[in-house]
Amino acid sequence: EDAIINVWSFARLLGAAETAAPAPRPFRTWTAHTLSVTALAVAEAGHASLVVSASLDQTVRVWRLAEGVKEAVHAADLGAALTCVAADPTHASVYAGASDGRVLH
């Protein structure tokens, strides 16, 4: 029920948990979706890793993890509320599952 995507350093989260320190601030925060984010996928490629988000706002958005860019590098309106997403590790394709049962490419 949240349209915000927060990204944390896993090592910093574990470190905070081990020492009972307060949770660290997010590494990245993206707020372009207008309705709940329903799925995330990561296409890892070193410093060029991509995060793909799907939302009930009918959009898939692609984000660059390494850059401090607050805007998505690509967004597509797929015309249906989205419930899941998968990213090709070669960054060639994104697949999204729609609430009406379709798989969109």
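After α1 comes A20, whose phi is positive, near 60°.

I noted that this is a predicted model, in which local features need pLDDT of at least 70 and side-chain atom pairs count only at pLDDT 80 or more, while totals for chains, interfaces and linings use all residues. Residues are numbered from 1 along each chain as its sequence is written, and side-chain values use heavy atoms, with hydrogens and water left out.

I then traced the strands (DSSP runs of E, at least two residues) and found an open sheet of four, in the order β3-β4-β5-β6 with antiparallel pairing, where two strands pair if DSSP finds at least two bridges between them. β3 (37-43) and β6 (74-77) stand at the edges with a single partner strand each, so one side of each has no neighbour in the sheet. I recorded six bridges between β3 and β4 (residues 50-55), antiparallel, with A43 opposite L50 in β4.

Of its 15 residues, V52, A54, V60, L82, V85, A87 and A98 touch the most other members, and β3, β4, β5 (59-64), β7 (82-87) and β8 (94-98) each supply at least two residues. Apart from this core I found another of six residues, among them I5, W30, V37 and V51.

Key
Core = buried A, V, L, I, M, F, W, Y, C linked by side-chain atoms within 4.5 Å. Buried < 20%, exposed > 50% of the residue type's maximum accessible area, 1.4 Å probe, protein only.
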